[in-house]
Amino acid sequence: MNALLEVRDLRIEYPVGSRRQEGWVCAVGGVSFSVAEGDSVGLIGESGCGKTSAIRAILRLHAPATRVSGQVLFRGRDVLTLPEAELRRVRWQEIALVPQSAMNSLNPVHSVGAQIVEGLLAHQSMPWGRAWKQAGELLEMVGVPGERLRAYPHQLSGGMKQRVCLAMALSLRPSLLLADEPTTALDVILQDRILAELERLRSQFGVALVLVTHDISVVAETCRKVVVLYGGQVVEAGPVDEVFTAPAHPYTMGLLNSSITLRGARRAISIPGTVPEPGQGQQGCIFVDRCPFATDRCRSERPSLAPIDQQRRAACHYRGEAAAFRQRATHEELWQQQQQLPPGASLPAIEAADRDAETRGRGDAGTSDGVVEETGAPLVQVGAVRKWFPVYQLFPPSWLQHRPARYVKAVDGVGFSVERGEVLGLAGESGSGKSTTAELLVRLQDCTAGSITYRGTDVRGLKGVALREFRRRVQMVVQDPYQSLNPHFSVQALVEEPLAVHSLGQGRERQERVRQALHDVGLRPAERYLDRRPHELSGGERQRVSLARALVLQPEFLVLDEPTSMLDLSLRAGLLNLLQRLQEQYRLTMILISHDLAVLRYMCRRIAIMYLGQIMEIGETQVLMDNPLHPYTRSLMAAIPNPDPRQRRPRTDLPTDLDERAPRPPGCPFEPRCKLRMPACRERKPALFEHQGREVACWLYSLVLSAES
Amino acid sequence: MVAYAARPASYVVRLARAASWDWGMVLGLVVLAVFLVVAAIGPAVAPYDWMQINRTDRGATVGLQPPSDRFWLGTTNMGRDIFSQVLVGTRGALAVGGAAALSVVTIGLLIGLLAGYFRGWVDSVLMRLVDLAYSLPLEPIAIVVLAIVSRSFVTMVLAISLLAWRGPARVIRAQVLSVSQRPYIKAARIAGAGHTRLLFVHILPDVLPLALMYLPVAFGRAVLAEAAISFLGFGAPDLITWGQMLQQGFVAGAARTAWWWILAPGGCISAVVVSVFFVARSFEDSLNPRMRQ
């Protein structure tokens, strides 16, 4: 195979300072890799490693002020120096890009068909009618029914929009497709379906693929080759099978360590520290600050990307000792030691502080729960809760009929209970009503019907002082760490706010509690963070500040809504371990919401699977994972990608995307997508009943139905 | 997701930065500064009392004199010095404009905050009020109020503010609607924050720039409205403003002949309104950097 695309020593520098250019920051520092005809290459690394910058520069899409050097050879011609007219031909016709969060790049005022046709006509001359027909075929190709051409973006689900973008990228039959985090914002099932689509397109049409992602499992499953980027440099490259089974660079080992799988009971280990800011002048190895194997040589001399064998390259001085490193890298303590210590603080001091906190935590738990705990009543009880949103229509006017045209049933009869000190997981696709349920629980929204009791008192009627007290005991960490902190506040003010609202503590004592909370969530030393503002923090740090805000009130019950969805693998592992520690330390009762069953398996004692506002299956994690009964649970489990490239798994068996707006049959909500459906499923709705140690709502296991027939 | 390169600079710093390269802003600020100084010290440095009827050595009034060494901007038909009148009138016009702008923006801000935050029937009621305010003409209603209540400085300010708050209220409500959907507002509610805290600690800082942007706009509008109302003869009798000077010139039937009588106050009004426009535009750019591109 000859190289279709060859990137040679690509360097990208951004200007710093607004008008007077004060200097240059290097985002990508000398990256080289090549893509063969019909090949698939994964570009992985944490956020801020220059993945997106590199991919955009391949199409010369960088901002005008950017300084780019090196070569991007596409079929032997350098894209970086092509004249504008020829560049236009290469873009889209030869190389197409699916940008990050592509689904938001559709124009809301044009139908998706018109948008695909626009791209077609810009590059080819053909009658409009033929272009329209071709657009329909393209949609079919990516698994969207052709009649959706007339649909506007808001009428399509997230997965459909993503596919439309894919269809647009493929419209001119490019020979190379660049996909920038094509599945990051999607839930596991959609991710799986999109990945399957990409794979199919590659094998059917021979499109070469460059996939940018931070998720190693995605690369492990879809790519043949992988390039690991760190701090704008390639630290390791080679065939996926070899790199992921026997990584040669400590960073790759760290990435693999931090992944969680459905099966493994292995503890995820996060890589301590963060990606160095681009442009920090450094003469040694770029990974040295976070590497547990770093030596003096690593600090003084930068390793070059040298071959290990014919296909693999790694940028580490100690390539030869990789096997020994791999052995040692699985020990968590090794990485922990590496944690950067602030000048003046020693490890024992921090540990002592930890122990202090632990004893204090136990003391608190002892005094507050003490006797009540033994009564065994569940802390939270949810009974047949409904949240229906009315939808009014203009014609015929809803107000004439004295009722809304219809309802969106976000939560439709959910019931469960949470024991004290228990961690319950809520799983399901986007649109299954998990977040709404969470908001009902903490009373951010009022439910339409049903009951929610906390410590035996009904949450729905709470007002004034009682509500305030409830807010002190029940906390929630909302979904998006990038937007859940007020940008005008400093970290100090953010964490102090709950205390101020509840008038807890005074002066010094309050400051002490703020510091303790920051310390608890691993922002140490707290003093270093107090004056920062959210935009100066990384995603992981922001999520920790959110958590500190919740913990500073010493709540009994904590709801976490997708706490890891926006985080890199390593940060995700770090946060989950932190949550686990805090849960043990303070005996917190928690509800954890995620679409990723691997995360829930890692954290929760019990898991509830939700679908379209109803619980499909609920039971002990172990029972559920070992032997999932409900077809939906099985689909969810099947959709989780595996970081081990040697293990192939079947793609998800769900034939269609979840469409919340579709009319629902009177029977089981999952019936339209279920492969095992029976005639009765359409007519009658199954209730939750005990079966094989868990509760499941499916006629497959019901004796009632078989007895009747 | 917005990633800032550095801590956002304070409004003042950003304003200063914007001013350093925007000539419209510089010009506008200089003109406004001059008028402000004049408003502050005008009456003290005026060469004559503005009411004083000037006479020749022989005792005849020096009516309708064109600009000269003695009367820099000429005289009125009664022999009063127009330059002195302009100096004193600046204070009146700017005081009415400033006070009205402040009250317009304050009222608009409060109503916008309440409507956008509470929504539901509060929003419906307040927004129907805004619709009502939009359906009424500003100056005629102000004149009616002045005629019924009293012709004084305070009434003038209130009469102008009575309807002018509709603009900021509507715009600020829209912004509040969007801000109150942000996840950090939800996070604050979970922390236990009450309405007052959410409104004034979390939402207000986000809409304040918008409100400040309305300040110069409202100021220019108020100066114009005051001039128009005074020109029609409904100004406060104890207050000299540019509008009243125009009115006196008009009533005296000198508008066609004594160009200096009309030009001086008219030019001042135009200068203030135009420079306010320039400042407001640059203000908007600097507070809302996305619009600059």
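**Group meeting: a predicted two-chain model**

Okay, let's start in chain B: helix 4 and helix 7 of chain B cross in a left-handed way, meaning the near helix is turned anticlockwise from the far one by less than a right angle, with clockwise being right-handed. Helices here are DSSP runs of H or I with at least four residues, strands are E runs of at least two, and both are numbered from the N terminus.

Before I go on, the housekeeping. This is a predicted model, where local features need pLDDT of at least 70 and side-chain atom pairs count only at pLDDT 80 or more, while totals for chains, interfaces and linings use all residues. Residues are numbered from 1 along each chain as its sequence is written, and chains are lettered from A and ligands numbered from 1 in the order in which they are written.

Back to that helix pair. Helix 4 of chain B covers residues 120–135, helix 7 of chain B covers 166–179, and they pack at about 145° with axes 9 Å apart. Those axes are lines fitted to C-alpha atoms over the stretch in contact, and the angle, on a scale from 0 to 180 degrees, is between N-to-C directions. Who makes the contact? From helix 4 of chain B we have Val130(B), Ala133(B) and Tyr134(B), and from helix 7 of chain B, Arg166(B), Ala169(B) and Arg170(B). Contact means C-beta atoms, placed from the backbone, within 7 Å.

Zooming out, chain B has eleven helices and zero strands. Its C-alpha atoms fill a box of roughly 85 × 45 × 30 Å along the principal axes. Of its 293 residues, 43% are buried, which takes 20 or more other C-beta atoms within 10 Å of the residue's own, again placed from the backbone; 12 or fewer is exposed, and in between is partly exposed. Among chain B contacts with a separation of 6 or more, 71% join residues 24 or more positions apart.

Now chain A, with 25 helices and 24 strands. Its radius of gyration is 27 Å, which agrees with the value near 27 Å for a compact globule of 709 residues. That's over C-alpha atoms, and the rule is 2.2 Å times the number of residues to the power 0.38. Buried residues make up 47% of chain A.

Methods
Contact = placed C-beta atoms within 7 Å.
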